[in-house]
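Biologist: Please take a close look at a single part of this model, and describe it in one connected account.

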Amino acid sequence: MGDFASIYQQSIDEPETFWAQAAQDVQWVTPPQTILDDSDSPFTRWYPDGVINACYNAVDYHVESGRGDQPALIYDSPVTDAKQTITYAELQEKVALFAGALKSAGVEKGDRVLIYMPMIPESITAVLACARLGAVHSVVFGGFASNELAVRIDDAQPKVIVTASCGIEINRIIEYKPLLDAAIAEAKHKPSASILLQRPQCQAEMIDSRDIDWHDAIAAAKPADCVPVQSTDPLYILYTSGTTGAPKGVVRDTGGSVVSLKWTMKNIYDVDPGDVYWAASDIGWVVGHSYIIYGPLFAGNTTLLYEGKPVGTPDAGAFWRVISEHKVKVLFTAPTAFRAIKREDPEAKLTSQYDLSHFKALFLAGERCDPPTLAWAEKTLGVPVIDHWWQTETGWSICAICKGIEMRDVVSGSPGQPVPGYQMDVLDADKKPVAAGEIGALVVKLPLPPGTFSTLWGAPERFKSSYFETFPGYYETGDAGYIDENGYAFVMARTDDVINVAGHRLSTGAIEEVLAAHRDVAECAVVGVADELKGQLPLGLVVLNSGCERDEETIVPELVQMVRERIGPVAAFKSAAVIGRLPKTRSGKILRATMRSIADGSNWKMPATIDDPVILDEITETLQRLGYGRSS
Ligand code: COA
Ligand code: AMP
């Protein structure tokens, strides 16, 4: 515990001293002499002459320092009725062996390895094995369709792909292999091999010339040692949605990730070595990278890997069971998960069946936390419930309550105050700071702290133009909001075409690209409409080609199917409406925000620049017919 104000201030006034000190808490092959090289901003380089290995910090170091017998990983899978505890020593053995298997398949330092896997221990083994070799992993979430996978294969150009025969969605088997085969067929880049884990639930068909069985691969492998890498070498690429359909390959470097993530475990989450930490997310998202895999392992915690859902596996008491059975100290999840539990068990009766006495705090992120959900979680759990705000780009939170430094008040509706390392401002369209309480663009003064993204894979110009050009000297978060007089941030909405569905980040532009490819669609727009469970859901508004004789009942199901096939079920695209014309400004800009307000039933003003006001009456009528826009 310490004095938050002075720690925060030091991080802003003397970032090099602050991050030099944090760097002493991790294991270097060669400790850095230079802490910060910002000569080519925004390509900030932290610890540029340091040499390190992330896997060593996550695994080997703990074995060497006497934690070998401590559980590193607890796997709890209600969907397969399996549980497994893996100690640090066992994890070291598994990771070293699989790293050997990757090496035999030709993987070397700097090569990319794409990982398309469900929530099983082998996925973590694969990630850490890449880090061991200094290879760059790129994990793709299982809910994406093969086209999205193909786009990522072409961008990352992996030498090897690691996969499993299936994922399991409650009681449905999702076969991964046909999706992977289709993606490789579609992609221009061809990996030289794929290593596949056959799960007992489903046997995948193998292609002899390319596919290697996981068990055969490790049976033939020799354990591989950690390969030292430069601190600034990439640890991974993680694709995330941007404004267009082309995903952005967020690159995270190695040294900055080790230092910052380890720092957050104590200072933000307040966990110590040996504590059980559970991020109920997916390894395909940034939360999974930072807080299922790396952060807790760097800190010598026990990380919990849960292959299940908050409800339905088997009931709304699943989270309480896991917390009690594995003595979880801290849980991190998205508010959607709590809304789902609250909907099924509004009085939280199921908590009475479980001993939650080890549980000390709930952290929420991924989407705005609505005050009723926060209040319900606080009442149900009787521990601090801390909303915190961050993004794939930052890798760890921009705003939070740093429970491990000083447990400040939680303010409902706010994800807390800027975390050490982040100097925030709220700017208006003229790039001027606004007064406390006024809404503007939420920006972070450069340099960004260690562990944030260092570039976009293969797209340094896009990195600069997407994030650093609108507000020179700042990182543009893409979120709008305000900071109140007490320094608490309020994150209100995205300023771009990104929407948040069940805590999953999606691009409306990407969905529009799919709809526009339908033969009967002349024009379209996709907006994120408020949803009680998932926060937002995409809604398509389509204009058909003139002369099209097929009707809405035929076309809409086709559109739904196309999005499922091109982007994946995770897009949760289930509704679209056919309208006569899209509302536009006189200069031709589609008025998406107005359509969203109509669909939400919230107050909206007739835009002064609209070319044809009558069209909005028609849209209102159409959306009301579909059940939208009735609340106010
Ligand atoms: N592989 C394949 N399909 C997947 C998938 C995966 N890894 N994850 C989700 N899907 C599918 C779902 O089965 C669903 O398919 P359907 O349309 O056939 O029903 C679709 O993608 C949409 O998924 P989702 O939006 O997650 O809805 P859901 O109804 O399955 O679950 C919640 C709703 C609230 C239970 C779930 O979203 C949840 O637990 N979210 C909060 C936690 C979280 O993961 N946050 C992420 C960032 S922290
Ligand atoms: P992702 O990159 O998938 O983590 O999504 C990041 C986006 O999710 C942010 O830019 C916000 O729009 C939103 N987000 C994440 N956490 C919060 C939060 N605590 N409050 C409000 N919005 C959030």
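**The open sheet and its helices**

Modeller: In β20, Val385 stands opposite Leu362. The model is predicted, so local features need pLDDT of at least 70 and side-chain atom pairs count only at pLDDT 80 or more, while totals for chains, interfaces and linings use all residues. Residues are numbered from 1 along each chain as its sequence is written, chains are lettered from A and ligands numbered from 1 in the order in which they are written, and side-chain values use heavy atoms, with hydrogens and water left out.

Strands (E, at least two residues) and helices (H or I, at least four) are DSSP runs numbered from the N terminus; two strands pair if DSSP finds at least two bridges between them. Over three bridges, β19 (residues 361–364) pairs with β20 in the parallel sense. Both belong to an open sheet of seven strands with mixed pairing, in the order β5-β4-β17-β16-β18-β19-β20. Its edge strands, each pairing on one side only, are β5 (82–87) and β20 (385–387). On average, neighbouring strands of this sheet are turned by 20° against each other, direction ignored; axes are lines fitted to C-alpha atoms, for helices over the stretch in contact, and angles run from 0 to 180 degrees between N-to-C directions.

Helix α12 (residues 335–344) lies across β18 (328–333) and β19, and runs at about 100° to β18. Helix α4 (residues 88–104) lies across β4 (71–77) and β5, and its direction is at about 90° to β5.

Key. Contact = heavy atoms within 4.5 Å.
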